[in-house]
Amino acid sequence: MSDDPFPQPQPQPSAQPVPGRTTARTAAVIPAAGRGVRLGPGAPKALRTLGGTPMLIHAVRAMADSRAVSLVVVVAPPEDAAEVRTLLDAHALPDRTEFVVVPGGETRQESVKLGLDALPPGFDIVLVHDAARPLVPVDTVDAVVEAVRDGAPAVVPALPLADTVKQVEPAVVPGEPEPVVATPDRSLLRAVQTPQGFDRDTLVRAHETVTDDVTDDASMIEQLGLAVVTVPGHEEAFKVTRPLDLVLAEAVLARRRLNDGF
């Protein structure tokens with residue numbers, strides 16, 4: 001096992017059509033309307049800089065680096081939509097990919113729905129990607145797309161858990177001790193990442209049907225009684241939520257630039 005704390009993803013060919021299979025066009029929706037209060041005061045989380053570039057730009061590039069993705073819809077904070085459009089225009093992004101910016105809603109679920117509504121006809125696969133996961137490797141994106149092309153209605157990248165997990169009885173007062181009620185078998189558990197991939201019609205139906213507040217779009221597909229499958233995730237696709245995550249992301253990006261000229 002390598003002692004390298006930041007193993008680099010190995011270069012992989014971008015998703016290519018399989019002979020005899022109809023190639024479905026893929027769009028990515030990036031909900032970026034959240035404030036990110038746990039990251040501390042300041043600009044919306046997606047507009048915080050990483051290596052001098054807004055995290056949102058890193059996330060958009062991560063989707064556009066996949067040759068399978070030909071459209072990226074960014075769902076921005078309503079008051080910052082114009083700034084987001086300017087940012088996209090100011091940064092070098094692949095010419096083969098189109099970009100659209102739409103104002104977001106009050107919740108992540110509402111923002112994803114607004115992004116779906118902005119998709120033109122002709123896109124059969126939709127990726128939903130967190131703007132706060134700026135460093136997802138392209139091979140992870142491609143693996144999700146390929147699994148949807150192979151017939152899965154919903155696909156999530158996921159990692160095995162390294163820590164033991166405890167189920168507790170939540171404390172009435174935050175910070176008080178919480179009784180442990182069970183220890184789930186961690187070999188059956190996975191930490192889920194993004195981009196999550198979907199058959200477009202299935203995801204649209206889920207957003208029209210499921211009204212519960214959910215933490216990810218795959219949960220909505222589960223509520224429809226449809227199958228969700230996993231593909232291997234990647235350690236560098238972590239979510240930047242707290243200040244320590246930002247420090248780790250800066251270290252990963254700095255190492256990429258040193259080794260690969262990223």
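These notebook entries record what I looked up in a predicted model of a single chain.

**Entry 1: the chain overall**

I began with the secondary structure and found 7 helices and 12 strands. I then checked burial: of the 262 residues in the chain, 45% are buried. For the accessible surface I noted about 13400 Å², with 54% of that area belonging to carbon and sulfur atoms. I also looked at contacts with a sequence separation of 6 or more; residues 24 or more positions apart account for 74% of them.

**Entry 2: helix 3 and helix 5**

I turned next to helix 3 (residues 108–117) and helix 5 (residues 200–209), whose axes come within 11 Å. The axes cross at roughly 135 degrees. I recorded the crossing as left-handed. On the helix 3 side, the residues in contact are Gln 109, Val 112, Lys 113 and Leu 116. They meet Arg 200, Leu 203, Val 204, His 207 and Glu 208 of helix 5. Sorted by class, this contact has 4 nonpolar, 2 polar and 3 charged residues.

**Entry 3: Lys 166**

I located Lys 166 in the loop between strand 7 (154–160) and strand 8 (167–168). For Val 180 I noted a C-alpha to C-alpha distance of 6.4 Å from Lys 166, at a sequence separation of 14 residues.

Note on methods
Residues are numbered from 1 along each chain as its sequence is written. This is a predicted model: local features need pLDDT of at least 70, side-chain atom pairs count only at pLDDT 80 or more; totals for chains, interfaces and linings use all residues. Side-chain values use heavy atoms; hydrogens and water are left out. Helices (H or I, at least four residues) and strands (E, at least two) are DSSP runs, numbered from the N terminus. Buried means under 20% relative accessible area, exposed over 50%, partly exposed in between (1.4 Å probe, protein chains only). Contact means heavy atoms within 4.5 Å. Accessible areas come from the Shrake-Rupley method with a 1.4 Å probe; for residues, only the protein chains shown count as cover. Axes are lines fitted to C-alpha atoms, for helices over the stretch in contact, and angles run from 0 to 180 degrees between N-to-C directions. A crossing is left-handed if the near helix is turned anticlockwise from the far one by less than a right angle, and right-handed if clockwise. Ala, Val, Leu, Ile, Met, Phe, Trp, Tyr, Cys and Pro count as nonpolar, Asp, Glu, Lys and Arg as charged, and the others, Gly among them, as polar.
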